[in-house]
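Colleague: Could you take me closely through the salt bridges of this model, and tell me which side chains meet in them and how exposed those side chains are?

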Amino acid sequence: STRVDFQIEELEDQGLFSLSGKEPVSPGFLAITMYKEYGDDAEGDDEDDEEERAIPEFTQGEQIPLFNSSYQSSDSKVAVTSGAPCWASLGVKEKQTTAPKHITESELITKMEKNGIGTDASISTHIENVLKRNYVYLESGRQLCPSKLGLVLVQGYHQIDASLVLPQVRSDIEDQCSRIAKGLASREDVVKRAIEIFSGKFDFFVKNIEKMDILFGTSFAKLEDVGKPFTRCGLTRRYLQYITGPPVRLYNKYTETVYPLPSGGVIKQWSGKKCSAPDCNFELCLYSVGQPERTFPLCPYCFNNPKPEWGRIPGEDNAASTNQVDREDDTKERQIRRVAGKNLILECPLPDKHPLIADLSVSPDPDSDGVLILDPHLGPKWRLVSTRDPTIIHFPKDKVDKVTVLNRQDPVVGCNLMQIEFKAGQSPLEGGATKHVCCFPMDELVQGMVRVFHGSERTKASGRGGRGRGGRGGRGGRGGRGGRGRR
């Protein structure tokens with residue numbers, strides 16, 4: 001490849017021109033792949049735009065006469081005629097600049113190696129991860145094209161802490177690991193320093209997370225354009241949109257109100273049932289958690305606005321404050337945590353004295369500070385679940401046809417009474433009666449027929465088995481819940 005520069009003194013700075021060309025030294029693979037063309041007819045434009053042509057010999061300071069200005073050349077560079085004498089012509093070719101091509105996988109690997117990021121074993125994993133997470137996608141030629149998500153994420157990191165996406169921090173960590181391998185640094189010192197650095201970066205990032213929220217909010221679809229109608233708002237009677245998140249939440253696009261929901265379980269619709277709390281009237285959801293699942297009623301409004309008279313707030317250590325100002329501050333802090341996704345609830349999401357829970361409660365739970373309520377899924381598998389402990393009490397499916405919590409309380413225990421309807425021919429009552437009204441913690445007949453199961457708070461963990469508390473077989477008998485004979 002040869003390049004010769006020319007200057008026309010009369011044009012001063014505008015009179016700089018160049019002539020370039022290239023000649024093959026050896027045909028190489030072109031000897032057999034003759035379909036491939038190079039030069040002006042090549043596919044695409046070379047970055048240096050060199051033609052395959054012979055360049056005459058020049059000497060520094062040599063003056064080259066020009067053709068008549070009426071001659072129009074299609075070349076943007078100096079065109080020099082072959083032979084003697086040597087003449088040149090000038091012309092202008094208009095072009096447009098093009099955006100640089102996206103980086104390819106091989107080019108990215110080269111840059112990562114140059115910056116000391118990753119090892120031969122881990123570099124391919126890094127590239128695979130950004131593809132899986134939809135930060136980039138592959139185009140022809142194995143080019144890595146950034147997705148909208150990837151661009152916004154990187155822009156957000158740059159605004160908050162650019163070092164999180166620039167190679168220097170990762171390169172320093174890799175360098176320190178190499179020093180450990182060579183015996184030049186101790187593992188404990190490197191780990192301690194890394195934890196200190198990233199702890200500081202994490203705290204700073206959390207304090208400035210709103211910059212990332214603004215970017216995502218302006219770059220992606222509004223909340224009103226996503227989600228599906230789920231339950232009705234008790235204030236506007238409009239449907240709330242269910243946003244899967246994270247974090248999971250309900251959104252009222254008419255008032256632009258967000259209602260964060262608990263995480264850690266499964267949220268389902270509940271056939272239009274409404275909350276019984278005063279001045280609420282929100283439609284209810286069902287919240288299932290644990291293995292096997294325990295299901296509880298969930299009011300989106302009451303979950304985010306608990307009252308002090310309802311008792312301890314699930315997921316927190318204390319009940320709601322009785323002071324109006326403190327309660328407002330607590331509510332704001334709680335909403336910030338829940339909108340940020342810090343909302344793991346592995347128990348009943350409503351306090352035990354909430355009207356919904358109180359209406360379903362039939363007994364205190366002796367193994368926790370919670371209560372036993374009738375599973376809102378109801379039949380045909382009737383059961384009681386603990387609000388604060390992974391405990392399920394099963395009624396015999398072959399005998400019990402229906403269980404109803406009555407709006408009457410036992411004067412001694414203060415629990416709601418329950419009516420059990422037995423199937424025909426399966427009743428243990430005298431005379432074959434099929435209806436039995438009882439107070440669960442006081443009734444030995446019912447205690448003797450139930451089966452107690454201790455499960456897990458985790459959604460995909462296995463339980464410890466379906467045995468009774470303290471006894472074998474779990475159906476009352478010795479040591480089981482029925483055998484305690486509570487009075």
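Modeller: What follows is a walk through three of these pairs.

This is a predicted model, in which local features need pLDDT of at least 70 and side-chain atom pairs count only at pLDDT 80 or more, while totals for chains, interfaces and linings use all residues. Residues are numbered from 1 along each chain as its sequence is written, and side-chain values use heavy atoms, with hydrogens and water left out.

The structure holds nine salt bridges, a salt bridge being a side-chain nitrogen of Lys or Arg within 4 Å of a carboxyl oxygen of Asp or Glu. One of them joins R142 to E105, with the closest N and O atoms 2.6 Å apart. Because R142 lies in the loop between β6 (136-139) and β7 and E105 lies in helix α1, this pair ties together parts that are 37 residues apart in sequence; helices (H or I, at least four residues) and strands (E, at least two) are DSSP runs, numbered from the N terminus. E105 is buried, at 18% relative accessible area, whereas R142 is partly exposed at 47%, where buried means under 20%, exposed over 50% and partly exposed in between (1.4 Å probe, protein chains only).

Within helix α2, K132 and E128 lie four residues apart, about one turn of the helix, and their side chains meet in a salt bridge at 3.2 Å, N to O. Here K132 is exposed at 58% and E128 partly exposed at 39%.

A further salt bridge is that of D5 with R3, at 3.3 Å, N to O; D5 is exposed at 56%, and R3 is exposed at 57%.
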